[in-house]
Amino acid sequence: MSVTEARPGATAARGGRRGQGPGGRRRLGAGGRRALALGLQVGPATAFVAFFLLAPLVVFFLYSLWRVRDYEIVAEWNLDAYKQALTDDSYRRLLWNTIKIAGGASLLSAGLAFAFAHTLRFKLRRWQEPLLFAVVIAMFSGYLVRVYAWRTLLGDSGIVNSALRGLGITSEPLSFLLFNRGAAIVVLANFLIPLAVLPVYAALQNVRDAEIEAARDLGCGSWGTFWRVTAPLAWPGIFFSWALAFLAAAGDYVVPQLVGGANGTMVGVVITDTFQTDYNFPRGAALAFTTLLVSLTIIGIVRFVGGKVLR
Amino acid sequence: MRRPPILAWLFVGALLTFLFAPVVCVVLFSFNDSAAAGPPIKGLTLSWYREIFTNVEYTDALRNSLQVALISASCSVVAGTAAALALVRLPRRITAVLAGFFVVPMVVPALFIGVALLSFFTRIGFELSLQAVIVGHIIVTLPLVIALIGARLQNLDLSMLEAARDLGASGPQAFARVLLPLIAPAIVSAALLSIATSADEFIISLFVNGGDQTVPVVIFGGLRTGVTPAINALASTILAATVLATLIAGRLVSLRDVAR
Amino acid sequence: MGPHSGRVNTVVEERETAAGSIPAAAGAPAIAIDDVRKSFGSYSALAGCSLHVERGQFISLLGPSGCGKTTLLRIIGGFETQDAGTVAINGETVDALPPNKRNVNTVFQSYALFPHKSVFDNIAFPLAIARVPKRERAERVREMLELVRLSGVEERKATQLSGGQSQRVALARALVGRPEVLLLDEPLAALDLKLRKTMQLELRRIQEQLGTTFVFVTHDQEEALTMSDRIVLMNGGRIVQGGSPREVYDQPANVFVSDFVGEANLLDGVVDGHVGALATVTTEAGVLHVAPGATTPAAGPAIVSIRPERIALQRPGQAAGEAENGLPGTVERIVFLGNLVRAHVRVAEEVVLTAELSRAEADGIAEGERVLACFGAAATRVLPPDGAPA
């Protein structure tokens with residue numbers, strides 16, 4: 001693995017001086033060897049992602065345009081699965097519910113993540129590192145755990161209800177704490193917040209103290225500084241956090257399954273069912289791509305509007 | 001300015017409590033001497049841990065998870081480090097394209113990666129197995145490795161490699177004696193975080209495991225019959241491993257470098 | 001401010017005047033700083049500074065890094081709050097006002113242009129905050145760009161400018177709101193030498209054209225000498241001396257000023273007698289005749305400061321000049337500087353004097369030669385030894 005040839009000019013000079021056999025020079029000059037070395041380094045990772053991610057996504061997309069007959073997928077081109085996804089009432093309701101939940105969860109996550117990163121950056125400067133580290137630990141501690149533990153926390157015989165009964169505040173368990181849309185949003189936010197913090201934090205690091213001071217100096221109050229300088233400068237990070245959270249929420253399967261209940265169901269559950277129980281890959285694929293397309297459209301609109309508003 | 005920012009601390013405290021409440025809850029009830037995985041706490045016991053290390057279903061899952069984590073992390077670290085080293089030296093335009101390319105696995109929801117891999121593997125006749133799970137985990141950990149090591153390389157002055165060459169080192173010597181020691185902490189932390197990610201990964205594993213279940217898949221299966229203390233103990237074991245890995249990784253790299 | 005307020009120039013006052021009342025706005029100085037103190041933790045950044053700046057002056061705060069000059073500037077701007085003391089701008093106390101309520105603007109060392117805005121939007125920023133009508137905004141931005149001699153870049157992003165251009169945009173942005181006082185925090189530090197020289201003259205031209213009070217922080221003594229009406233020297237969180245460039249150069253108040261502004265030969269000695277109007281100081285290099293000044297101790301240890309350009313070299317046999325002092329020595333090294341020649345002359349075992357000579361004066365003087373280093377009593381300045389109060 002050669003990592004030495006960092007500057008093209010220097011390489012050319014040195015490569016020439018080092019002198020290869022005449023045959024070698026004819027086949028590959030210094031530049032060619034450098035390109036080959038770089039290619040060999042970046043090649044495996046690129047090929048791997050291309051073969052095991054892009055190719056599967058392409059196959060997955062093709063499936064959405066094909067048909068199932070007798071539990072076999074046959075290459076008959078059609079748009080039936082998409083038509084169904086977009087016109088069938090139950091699918092439309094499902095999609096709409098997914099967007100509501102993903103929208104709520106991503107707004108909550110990005111909002112709290114921004115508030116957290118902003119507090120670290122401007123109010124608790126000295127504690128930035130340890131507090132950020134705490135969030136990173138949360139990010140790597142148990143995706144499934146963060147979902148199913150809420151059943152122990154909020155369930156009918158869970159900690160919160162036991163405590164409320166023990167204190168004599170309630171006599172019956174509060175069953176609205178779990179298995180509904182609100183619960184799905186809160187639980188999604190619980191594991192999306194750590195993901196959302198890092199990009200926002202990074203964006204706020206790019207807002208330099210001098211820029212804040214300059215805005216103050218030129219007549220801005222705290223709010224003016226926030227809206228005219230801090231928010232626009234941090235906007236790319238805020239947007240990225242929110243979009244990441246939105247996509248992750250829209251494609252989640254575990255939360256609606258474990259704590260969503262009847263009105264907290266989402267596309268992910270149905271997609272999984274079409275793959276695991278119906279074996280109707282085309283329908284599942286069409287649902288997945290419809291969700292992806294709708295999500296990306298929403299994300300695009302937010303990006304456009306956000307960029308216009310925060311300037 | 002002088003008074004302590006009480007509101008700020010209240011907010012940060014509340015948020016961290018929210019984030020860690022489920023984790024604490026699971027760990028706590030894994031020690032509960034009761035068949036029900038919920039309040040009240042009847043006493044402390046290690047019997048649930050004894051169970052997960054003796055019951056074949058759980059030990060198999062632990063072995064599978066360990067195997068998957070180690071293999072996928074090794075592959076990701078080798079391929080990812082090589083790619084990161086090339087990315088800092090390729091022409092800017094190519095780097096921009098490739099950087100975008102390697103973000104794809106981070107952005108596409110895991111569910112879609114899982115079902116896409118399932119479609120793909122069945123199409124090309126690749127048997128669903130631990131190997132398939134490993135492939136899925138390499139996909140999600142590669143971007144992490146490239147990001148971590150890339151961040152470290154970005155903060156280095158690579159002309160020191162030329163200096164090393166100028167002072168008589170060969171290419172491999174310059175790499176081994178100058179660059180490698182400097183990026184070694186980043187490599188180790190990338191490996192640890194890859195292991196943590198892999199051990200925790202659920203959705204892709206769910207779709208492509210083909211019967212060779214990893215720990216999260218077993219936990220999820222157990223949840224159908226309700227949360228049990230043994231499930232909590234199993235989850236806590238994985239939690240302990242991932243948190244430990246994250247703690248060590250965090251000591252090795254500056255968060256500020258990464259958050260950029 | 002008591003007896004000092006009538007003076008036209010910058011007045012450096014002693015601490016005891018702190019409790020004085022602020023005079024009415026009409027004749028008030030542009031900035032009145034009274035006994036301002038500031039510490040960061042256990043580190044005392046400002047140990048009681050008092051300073052009056054008259055309107056329309058170009059004043060430099062000069063000192064080494066860590067002397068407190070930037071802290072003082074940030075307190076005037078409102079970015080730091082002092083622990084004690086008051087700051088008044090145009091006779092009005094501003095201690096309770098945040099930066100956005102002070103009619104003072106700052107050119108930051110890093111320029112702090114807003115990277116997400118165009119040049120036009122950067123300069124128009126304070127006008128937008130103040131809700132100035134759009135047409136007037138465009139007009140005033142255009143005026144400012146003309147003033148700083150930068151046009152045709154209005155639509156560029158702030159990140160696409162060169163260092164010199166960023167500097168001019170930062171200046172235009174700080175001036176467009178017509179502040180009473182402009183604070184400049186080492187704004188030229190990031191520029192290369194040639195551009196810096198140009199910008200020094202430009203800043204002075206703009207300041208004279210607008211008549212705005214400029215407070216300029218720098219650690220570069222040459223910059224301060226070139227641009228300022230007044231120089232205020234700071235060291236260790238205190239104001240050490242204030243005066244015109246000529247005053248601080250010719251009449252340094254202490255060894256620090258003498259050494260920091262320009263170059264100086266410093267000789268340790270003891271004041272031990274008087275010959276007519278002159279005092280005598282015994283140094284390692286011999287007895288010197290010096291003209292006593294306000295800073296000269298009546299007796300005891302003192303330091304004699306002589307500027308290199310005030311020393312002439314005479315070769316043996318040359319007709320003696322009328323200089324009161326002549327120290328015999330050996331030329332150790334001659335350094336060619338282009339327009340000047342610098343000669344290092346050892347006049348005692350441990351004492352080497354530096355003399356700056358014109359090329360004509362240096363003609364024929366060679367290394368190793370015996371010479372007489374001559375300087376008049378008026379060319380010397382006798383200062384209290386280090387550590388003694390100024």
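Buried means under 20% relative accessible area. I keep that cut-off at hand for the ring entries on this predicted model.

**Entry 1**

I looked up Phe281(A) first. Its relative accessible area is 8%, so Phe281(A) counts as buried. I then checked Phe275(A). Phe275(A) is buried too, at 2%.

I counted aromatic pairs over all chains and got 32. Phe275(A) and Phe281(A) make up one of them. Their centres lie 4.6 Å apart. The planes are 35° apart, and I log the pair as tilted.

**Entry 2: chain A against chain C**

I turned to the interface. On the chain A side 17 residues are in contact, and they meet 22 residues of chain C. The two chains bury about 1800 Å² between them. Carbon and sulfur atoms account for 60% of that area.

**Entry 3: polar links and helices**

I searched for salt bridges across this interface and found 1. Glu213(A) pairs with Arg74(C), N to O at 2.5 Å. I also counted 5 residue pairs in polar contact between chain A and chain C, with both residues at pLDDT 80 or more.

Helix 10 (209-217) and helix 11 (222-250) of chain A each bring at least two residues to the side touching chain C. Helix 10 gives the most, 7 residues. By class, I note 8 nonpolar, 2 polar and 7 charged residues on that side of chain A.

Terms used:
Residues are numbered from 1 along each chain as its sequence is written. Chains are lettered from A and ligands numbered from 1 in the order in which they are written. This is a predicted model: local features need pLDDT of at least 70, side-chain atom pairs count only at pLDDT 80 or more; totals for chains, interfaces and linings use all residues. Side-chain values use heavy atoms; hydrogens and water are left out. Contact means heavy atoms within 4.5 Å. Buried area is the accessible area (1.4 Å probe) that two parts lose on being put together, summed over both. A salt bridge is a side-chain nitrogen of Lys or Arg within 4 Å of a carboxyl oxygen of Asp or Glu. A polar contact is a pair of N or O atoms within 3.5 Å; within protein, one must be able to donate a hydrogen and the other to accept it, and residues adjacent in sequence count only if both atoms are side-chain atoms. Helices (H or I, at least four residues) and strands (E, at least two) are DSSP runs, numbered from the N terminus. Ala, Val, Leu, Ile, Met, Phe, Trp, Tyr, Cys and Pro count as nonpolar, Asp, Glu, Lys and Arg as charged, and the others, Gly among them, as polar. Rings of Phe, Tyr and Trp (its six-membered ring) pair if their centres lie within 6.5 Å; planes under 30 degrees apart count as stacked, over 60 as edge-to-face and the rest as tilted. Buried means under 20% relative accessible area, exposed over 50%, partly exposed in between (1.4 Å probe, protein chains only).
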